[in-house]
Structure formats: C-alpha cells, structure tokens
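Let's take a friendly walk through this model together. Please open the structure and keep the sequence at hand.

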Amino acid sequence: MALCLAARGGHAHVVEMLLEWPSHAPRADAGGGAALVEAARSGSEAVVKLLLRREPCAPTSDAVAAAVDRGHSRIARLLLEWPVGAPPANVRDGELLVAASCAGDVDMVEYFLASPQAPRADCQDGAALLVAAAAGAAGCVEALLRHATGPPADMRDGAALVVAAQHLHTRVVRLLLNWDGSGGGGGGAPRANTRGGEALVAAATGNTALRAGAADAQLEVAHMLLDAPSEPAFADCQCGRALFAAAAYGRCGLARLLIDRWPRCRRGVRLQKLVSRAADEARKQGHTNMHELLMRSLEEVGAADPTDARQNEKASPSNVLALLQL
C-alpha cells in the first residue's frame with residue numbers, strides 16, 4: 001500500500017527508500033504491478049524507471065493503458081520499448097489503440113499503427129473509430145480511416161456519424177460526410193439520412209449546456225446533415241423526433257431551422273399536430289420563448305399543402321421519450 005501511494009504521488013525518493021528497506025521491503029511488482037500502474041497514471045517517469053529496474057517488475061498492458069489514458073505518451077512509449085517483458089502494441093485485440101483513440105492522442109494512435117506488432121485499425125469491430133468520433137478527435141478518426149487496415153467510414157450503418165452528431169463534433173461530422181472512400185476499409189461517406197435520420201435526431205438531443213458554443217455547433221451539425229450533397233437527412237425524419245426534442249430542450253434556433261426545412265409536401269395538418277404537441281411540451285418544460293415560437297408557427301405551417309403521403313403515421317411524444325432519455 002505504501003509503495004502504491006508513493007508511486008501515485010510521484011515521490012521517487014520515497015519509492016526508492018521503500019524498495020531498499022533492509023527488512024520486509026515490498027516487491028516492485030507487488031499487487032500485480034499496481035505501483036507501476038499508479039506511476040504511469042501519475043506521469044512520473046522517474047518512478048516508472050525505478051520500478052522497472054527492480055526485478056521481477058516488468059511493463060504491463062495495464063500500465064501502458066493508464067499512461068495513454070492520461071496523455072502520458074512518453075511513458076507509454078517507454079513501457080512499450082522496455083527491453084525486457086514489454087507488452088506488444090496489439091495486446092488484447094487492440095485495447096491500447098482504443099484507449100489512445102478515446103483520449104484523442106493522434107500521435108499515439110499513429111505510433112501504435114506503425115508498431116512492429118501493430119493492432120488492426122478496425123480492431124474490436126471498429127471500436128477505435130467509434131470512441132474517436134465520440135471524443136471529437138478528428139485527427140484520430142482520419143488516421144484510422146486512412147490506415148491499410150482501417151474500418152470504412154460508413155461502418156455499422158453510419159454509427160460513427162451518429163455518435164459524432166450526438167456529441168456535436170462538427171469537424172468529425174464534416175470529415176465523415178465528405179470522406180472520399182480512401183483507406184483500407186474502402187466504402188464511401190456515411191449517408192446523412194442513415195438509420196432513418198438518426199444522426200439528426202441524435203444532434204437534436206445532444207447536450208448544449210456542457211460547453212460554450214454548443215448551441216451554434218448543434219445548428220452547424222443540423223445544417224450539414226440537412227444539406228448533405230448525397231442522401232441528406234429530412235427535417236421530418238422519424239415522425240418529427242428532432243423537432244420534438246428541440247422543443248423539449250428549448251432550442252429555438254434548431255426548431256426554426258427544422259420547420260423551415262420541413263418538406264413542403266408533408267406540411268399541413270400533420271405538421272400542425274406535431275407543432276401543437278411540441279408547443280405543449282415546451283410550455284411544460286418552462287421554455288417560454290420556444291412555446292411562443294411554435295405557437296406563431298402554427299398558422300404558417302397550416303397554410304401549406306396538406307398533402308401528406310405518410311398522414312397515417314402518429315407523431316406523438318411517446319415515440320421520442322426513449323431517445324430523450326439517452
């Protein structure tokens with residue numbers, strides 16, 4: 001315990017004292033190498049080297065993963081290049097590559113992919129691409145897609161696009177939508193309307209309260225999906241779930257955009273009903289400006305062509321609750 005605590009704090013002199021204590025000194029690899037993991041996580045290169053030089057301590061994949069997770073690329077490389085007992089870069093089916101992608105560390109991603117025992121860029125069914133897209137790491141996404149063993153940009157029916165849209169990562173969304181199909185995985189850009197418009201709905205439910213400028217990012221993502229040159233998303237996708245989500249969260253700019261871009265042939269009574277329900281939801285949530293906006297829109301949308309090829313579909317709050325709870 002004392003050794004782990006000293007390693008966690010990066011106290012090299014204490015670690016050395018404990019290891020050299022004349023009686024009952026702790027083993028450097030005690031607890032399955034817990035002290036080494038703590039030292040790697042803390043970023044203490046001096047402690048890492050102290051432990052590694054004491055037999056039988058050796059680098060472990062857990063220690064490398066801890067260093068990668070905290071952005072200590074120098075220590076991660078030290079562990080991987082240690083002359084005795086270093087784990088391969090492709091350990092546990094690319095676990096380290098996934099960790100580097102999740103951390104958004106493009107240098108480590110490229111390092112792993114160029115290693116002698118490199119993991120596949122599409123390891124774990126494309127997990128590295130998904131976590132990089134969720135983290136907004138555009139550099140990592142591009143490195144993975146361009147690699148000879150990379151996953152296709154439209155893998156899992158556009159899963160990477162959906163998670164990037166949900167987290168409002170504009171650079172990643174733009175990169176995926178404009179992907180030219182190069183790279184080992186082949187395949188072109190994911191469809192903006194993939195899964196019936198799930199990317200647009202995901203963007204509408206993204207949390208704009210977490211960072212500055214998120215509301216602008218949400219509008220930008222919505223514009224990119226609606227304006228995609230090939231197979232764009234439709235504003236009324238999934239029975240208007242994006243509009244209802246915008247109303248529930250009080251996102252006036254997004255609601256205005258969706259109403260403006262609503263297909264002309266599907267306005268009229270059906271859209272009126274949806275806007276009315278959305279206005280009720282906005283009022284319940286206390287979004288006064290949103291409620292007023294939607295009430296003003298009722299006359300406008302009712303004046304359009306009432307023809308609706310899908311008028312039998314129900315647009316009710318219940319069919320969006322599952323997504324809103326994600």
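Is the crossing of α15 and α17 left-handed or right-handed? In this predicted model, α15 and α17 cross in a right-handed manner. To find the pair, look for helix α15 at residues 237–249 and helix α17 at residues 269–284. Their axes come within 8 Å and cross at roughly 25 degrees. Angles under 35 degrees count as roughly parallel, so α15 and α17 are described as roughly parallel to each other. On the α15 side, the meeting residues are Cys239, Gly240, Leu243, Phe244, Ala247 and Ala248. They face Arg270, Leu271, Leu274, Val275, Arg277, Ala278, Glu281 and Ala282 in α17.

Now move to another pair, helix α11 (residues 155–166) and helix α12 (residues 170–177). Here the axes lie 8 Å apart, and the packing angle is about 155 degrees. Because of that angle, α11 is roughly antiparallel to α12. The crossing of α11 with α12 is left-handed. From α11, Ala160, Leu161, Ala164 and Ala165 make the contact, while α12 supplies Val172, Val173, Leu176 and Leu177. The residues of this contact comprise eight nonpolar, no polar and no charged.

Let's finish with the nonpolar core. The largest one holds 114 residues, and within it Leu51 and Phe112 touch the most other members. Leaving aside residues up to four places away in sequence, Phe112 touches Val68, Leu80, Ala89, Leu96, Leu97, Ala100, Ala118 and Pro119.

Terms used:
Residues numbered from 1 in each chain as written. Predicted model: local features only at pLDDT ≥ 70, side-chain atom pairs only at ≥ 80, totals over all residues. Heavy atoms only, no water. Core = buried A, V, L, I, M, F, W, Y, C linked by side-chain atoms within 4.5 Å. Buried < 20%, exposed > 50% of the residue type's maximum accessible area, 1.4 Å probe, protein only. Contact = heavy atoms within 4.5 Å. Axes fitted to C-alpha atoms, helices over the stretch in contact; angles between N-to-C directions. Helix = DSSP H or I, 4+ residues; strand = E, 2+ residues; numbered from the N terminus. Parallel < 35°, antiparallel > 145°, perpendicular 65-115°, else oblique. Left-handed = near helix turned anticlockwise from the far one by under 90°. Nonpolar A, V, L, I, M, F, W, Y, C, P; charged D, E, K, R; others polar.
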